[in-house]
Amino acid sequence: MKMSLDLKFTYSEKKDTRSGFGDGLLEAGRKNPEVVALCADLIGSLKMGAFQKEFPERFFQTGIAEANMIGLAAGMATAGKIPFTGTFANFSTGRVYDQIRQSVAYSEKNVKIAASHAGLTLGEDGATHQILEDVGMMKMLPNMTVINPCDYNQTKAATLAVVDHEGPVYLRFGRPSWPIFTPADQKFEIGKAWKMIDGKDVTIFATGHLVWEAVVAEAVLRAEGISAEVINIHTIKPLDEEAILESVKKTGCAVSAEEHQINGGLGDSIAQTLIRHNPAPLEYVGVNDSFGESGTPTQLMEKYGLNAVSIVKAAKRALERK
């Protein structure tokens, strides 16, 4: 299906978004001497090795002690440093929620929580590691910014952008190789949605890995005579409500697509915006109140309905409700 479609965005290379973080962290360290990094025994998985090698005095291996890592980062932020903590998304949130709430969010510490291996695309490690609740947990915390970029280039750009942002940030990215389809020289604006494709019949709001699937879905819909607008919601909090309302006022219906539980995710934030300002049909593409399981990323996204096929079906349901 993908090979014969007239895609508005294309790619020649695939690369994991975690590598975008690793390369962005290294560049950030070169630009700003206050940037420090902490890791909970997952240097290779978080792609933090290059930073550790170039700045050994600014790198801290905390071991498998994530709560301590958050506490250390909060202390470093108090001393004027810009700490990035690195571990899997599951351990970056569920395991240390109390420490993040009390030591980082409550006092608005300038800590950047870098969370890799998020969602179902973690793959074979299975349900215990595939956290699908993290966005909801983090966006509920006052003072917390939540960012979920879509490819290697955008993750690198986001990593550099959060260095200049004062306050707590949750930066979410993934494990699998993924199409690189956004520009290498892009300007990443925290809190500003990116309209990637203009349309008039239905809006597709997507985040993270699902942005590429939305691009594919748009081509499928266009081939069937349906004009879909695709908006990349890389910043889930603060949410770009203006962009959401402007688009839905034009199209009259929408789809949200995310690698996360439907409950508490991006779709819920969009629904709250619409119900307050411009009620309109909204269909969800996400995991429906279920844990994951072991499998390849492609197998899992197909089984749990996190792909272009599901987005197309959701768009048609939304259109029927207009």
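Glu-283 counts as buried, at 14% relative accessibility; buried here means under 20% relative accessible area, exposed means over 50%, and partly exposed is in between, with a 1.4 Å probe and protein chains only. Even so, Glu-283 has a partner: Glu-283 and Arg-317 form a salt bridge, with the closest N and O atoms 3.0 Å apart. Glu-283 sits in strand E14 (residues 282–287) and Arg-317 in helix H13 (residues 308–320), so this pair ties together parts that are 34 residues apart in sequence. Arg-317 itself is partly exposed, with a relative accessible area of 36%. Helices (H or I, at least four residues) and strands (E, at least two) are DSSP runs, numbered from the N terminus.

Before going on, keep in mind that this is a predicted model, where local features need pLDDT of at least 70 and side-chain atom pairs count only at pLDDT 80 or more, while totals for chains, interfaces and linings use all residues. Residues are numbered from 1 along each chain as its sequence is written, and side-chain values use heavy atoms, with hydrogens and water left out.

Back to the charges. Side chains of opposite charge can pair when their charged atoms come close. The cut-off for a salt bridge is a side-chain nitrogen of Lys or Arg within 4 Å of a carboxyl oxygen of Asp or Glu, and by that rule the count is 20. One of them joins Asp-6 to Arg-222, at 3.1 Å between the closest N and O atoms. That pair links distant parts of the chain, 216 residues apart: Asp-6 is in the segment before strand E1 (14–16), and Arg-222 is in helix H9 (residues 210–223). Asp-6 is exposed at 54% relative accessible area, whereas Arg-222 is partly exposed at 26%.

Now look at Asp-134 and Arg-172, whose side chains meet in a salt bridge at 2.7 Å, N to O. Asp-134 lies in helix H7 (residues 134–139) and Arg-172 in strand E7 (residues 169–172), so parts 38 residues apart in sequence are tied together. Both Asp-134 and Arg-172 are buried.

Arg-172 turns up again in the lining of the largest cavity, along with residues including Thr-17, Asn-148, Phe-173, His-209 and Glu-259. A cavity is a set of points, on a 1 Å grid over the protein atoms alone, where a 1.4 Å probe fits but cannot get out; lining residues have an atom within 4 Å of a point. The lining divides into three nonpolar, six polar and two charged residues. In this scheme Ala, Val, Leu, Ile, Met, Phe, Trp, Tyr, Cys and Pro are nonpolar, Asp, Glu, Lys and Arg are charged, and the others, Gly among them, are polar.

Some backbone details are worth a look too. The peptide bond from Lys-237 to Pro-238 is cis, with omega near 0°, and Pro-238 is in the loop between strand E12 (235–237) and helix H10 (241–251). Lys-47 is not a glycine, yet has a positive phi of about 60°; its place is the loop between helix H2 (43–46) and helix H3 (49–54).

How values were computed. 1 Å grid on protein atoms, 1.4 Å probe; cavity = no way out; pocket = protein on both sides within 12 Å on 5 of 7 lines; lining within 4 Å.
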